[in-house]
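I opened this entry to record what I looked up, in the order I looked. The sequence and the structure come before my notes.

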Amino acid sequence: MKHAIICLAGVLLAAMTGQAALAKDIEVDGSILKENSGEQAKEQMLTNDLITMYGAKDSTELTYQIPAGASSSHQQLWLEYEASDLLIAPSSLTAEVDGEPVKSVKLDGNAERKKLKLSLSKSQSSQGFHSLSLKFYGVVKEGVCVRQDSSGNWIKIYPDSRLTLGGKSLAKGATLEHYPYPFAQSGNTAEETAIVIPDDPSSAEIEAAVKTESYLKTVDNSVSISYLNESDVTRIDRPTILIGVQHHWRGKVKKLLKQDRLEAQGEKLLLAERVLKAKDRQQPVLFVTAKSDDLLSEKISVITDKTYTGQLSGETLAISKLQQHKNRDRNKLTLEDFGAGDLTIGSDQTSSEHYYYPTPAILDKNQSAKLSLALKTSKTIQKSADNSDLSAKKAELKVMINGQPHSIGLDELGKEDKNGFYHVTLKVDPKLLQKNRYIDIQFAASGLKENNPCYTTDEDKWVFIDKSSTLSYPVSSSAAAADFQDWPLPYAGDQDKPTLIVLPDDVNQAKLQELSLVTDSFGSEALQSFTVRKSSEVKAKDAKGRNLIFIGGVDQFSLLKEKASELAVETKNGSLDVSSFQMLNETTKRVAFTQTSLWDSNYSMAVFAPFNGKSTAVTKELISFLDSNDHTATVINETDSQQLFTNHQQLTAKTSGTQTDDTKKSSQQNLLYIGILVLILVIAVILILITVRRRKRKTATGSVEE
């Protein structure tokens, strides 16, 4: 009896404090789950890039991840490779998993593309991350003291190399500590996730859903996310996140919450991860609910901010207090932010993996960025340099940033600090960073291998790169002018004064996708820098002191209708009129324009609207154009053939015209000044002549009198 009371008290304490609860499934009617649901992605790519290794010795490090709840049997690694046809015995490729050799294959000079299958043991198939080392040893010529480091001594590992996951997911192991799995997982392909919100979602629910999607895409940018309203959920056929205020649920979700006795209490946000089961079908779901919109908005960052997501655990949590989001260093990224730890590159492993981070929207493309590295090197590099070894003098670390090399001479590092680190700074072209959605960094070393084939040593040469090394960049002013050339500024990046995004009162799934397209272009750094409201919730006073974005027809917003005559693009008979911008109304499908805010001249506003009615206001093509546009523009139209045009030429001509007028005025003023100066000179000359003549007359008169 005493033991039972202790156990019961423990369970109650766990529930009250938000600690992990016991695993729990929800048995449901088979009609709610679709056939074959619960299957996770069956393949995981090992690399996105072609990897080339050079002999005589080289290696590369990869990783793979076994998802939580995956079966520990029938997991296999498939390596696709091609080796030089110059290779002879004993050339080989060896694969090691977690430091343990798994298989070696001989490379006999057959240059055909081949596959290598590795069946993983139980420990190698256990949940979590595992290291995969590929070690290449290449020989191209027999003999003693023969150099093997020729350009023909190579092996290539293709991006088709992959991990195949056998068997169905056990799903029972998926708990909050693994979040965002199974809703997103780095490295997986063809992942699909659904986000469900109530039928008539509030602004808080819309904002929470979009921010959740943005976070999932920072983990896996290839994940496909669809939005559903509660009444649209006929069958759950993929991992699903259900976000909403408790009393807003009316149908299936309400029944599921009631069946599992899940109810948000007091000032807490409830997180509950469950597995829906029906016979041989199952599907993981995450319930995110609170008693009010304010609580949902205030605490949703627990699943959208990595500061908190790494701390989640158990299957049920009731989040009470949550520290308000604090701004990180806005102009600095560490290697840890890129997903890298401390890195070591040496004579046996000459390159690192590629590491990625979403390009910050606030990066100033007109000022240089810099990469500050904290390095340590092996003494053998320094000894070789002191001995004037040619190979050591050529030793260098190459940093590839978005494919562009930046080199560091390893024998010219200067002095060590008190902790034995060398500090090196490289300038980085900011335009190189901004031209891609992601910043890609890779490290590679050259010149670390001995060129003397008769010289052998057990001392490896290596370079250690500390994870605190940083990429720092100048930050653009969030007070940028209203110009699509600066998109997504000034609307992204200012977390102190979040942009207000206004939607029509009637928000459907299509409008949510449009909102998602706009906020995705803000970049991951802007996750907290916007808030969402419906048209009827926004008054004129709410539009002051912040930047604004409207997504929808002008007639769908009372604020815009009141100021229609002041909009940059006129409206006539319910349609926008772009003819004054040298655009055809007849072929225009949608319009985006930006201008100084009509409610606060210190801020900007942007409107994304269909040409008329309530049709689509934002498309992928329009956002892609904004992301890549380098020209000044305040109006963009998209035609029915998906062509995009701007008023760039018109603005340029207007600016040139203004400059011409100014030049004419300046020239006229200069002529006037010159004329006055000439007149003054003429008058001065005349006065001088008159004075001289008078003196001569006086002199002549005096001479006559004498």
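**Strand β15 and its partners**

I began with β15, which nine bridges join to strand β16 (residues 281-290), the two running antiparallel. Helices (H or I, at least four residues) and strands (E, at least two) are DSSP runs numbered from the N terminus. I took two strands as paired if DSSP finds at least two bridges between them. The model is predicted: local features need pLDDT of at least 70, side-chain atom pairs count only at pLDDT 80 or more, and totals for chains, interfaces and linings use all residues. Residues are numbered from 1 along each chain as its sequence is written, and side-chain values use heavy atoms, with hydrogens and water left out.

In β16 I found T289 as the bridge partner of L270. The hairpin of β15 and β16 has two residues between the strands, and K279 there takes a positive phi near 55 degrees. Next I looked up β17 (residues 316-319), which pairs with β15 in the antiparallel sense over four bridges. T316 in β17 is the bridge partner of A272. Strand β1 (residues 25-27) pairs with β15 in the parallel sense, over three bridges. D25 stands opposite V275 there.

Is β15 mostly covered or mostly open? Mostly covered: nine of the ten residues of β15 (269-278) are buried. Buried means under 20% relative accessible area, exposed over 50%, and partly exposed in between (1.4 Å probe, protein chains only).

**The seven-stranded sheet**

I traced an open sheet of seven strands with mixed pairing, in the order β29-β28-β30-β34-β33-β35-β36. Its edge strands are β29 (530-534) and β36 (644-646), each pairing on one side only. The twist averages 15 degrees from one strand to the next. For angles, axes are lines fitted to C-alpha atoms, for helices over the stretch in contact, and the values run from 0 to 180 degrees between N-to-C directions.

Inside this sheet, β33 (residues 588-596) and β35 (residues 635-639) run antiparallel, joined by five bridges. R590 has E638 in β35 as its bridge partner. Helix α2 (residues 203-219) packs on the sheet, touching β28 (499-503) and β29, and its direction makes about 140 degrees with that of β29. Contact here means heavy atoms within 4.5 Å. Helix α9 (residues 509-520) lies across β28, β29 and β30 (548-551), at about 145 degrees to β30.

**Salt bridges**

How many salt bridges does the structure hold? I noted 20, counting a side-chain nitrogen of Lys or Arg within 4 Å of a carboxyl oxygen of Asp or Glu.

E207 and R533 meet in one of them, at 3.8 Å, N to O. E207 lies in helix α2 and R533 in strand β29, so this pair ties together parts 326 residues apart in sequence. E207 is buried, at 8% relative accessible area, while R533 is partly exposed at 31%.

D520 forms a salt bridge with K217, with the closest N and O atoms 3.2 Å apart. D520 is in helix α9 and K217 in helix α2, so the pair links parts 303 residues apart in sequence. D520 counts as buried, at 19% relative accessibility.

E514 and K511 also meet in a salt bridge, at 3.2 Å, N to O. Both lie in helix α9, three residues apart, about one turn of the helix. Both E514 and K511 are buried. Elsewhere, salt bridges that share partners join E80, R113, K115, D160 and R162 into one network.

I then turned to an open sheet of four strands, antiparallel, in the order β20-β25-β22-β23. β20 (355-358) and β23 (404-409) are the edge strands. β20 and β25 (residues 438-446) pair over four bridges, and Y357 stands opposite I439 in β25.

Where is E416? I found E416 in the loop between β23 and β24 (422-428). E416 is partly exposed, with a relative accessible area of 42%. Leaving aside neighbours within four places in sequence, E416 is in contact with K379, F421 and Y422.

**Whole chain**

Of its 706 residues, 49% count as buried.
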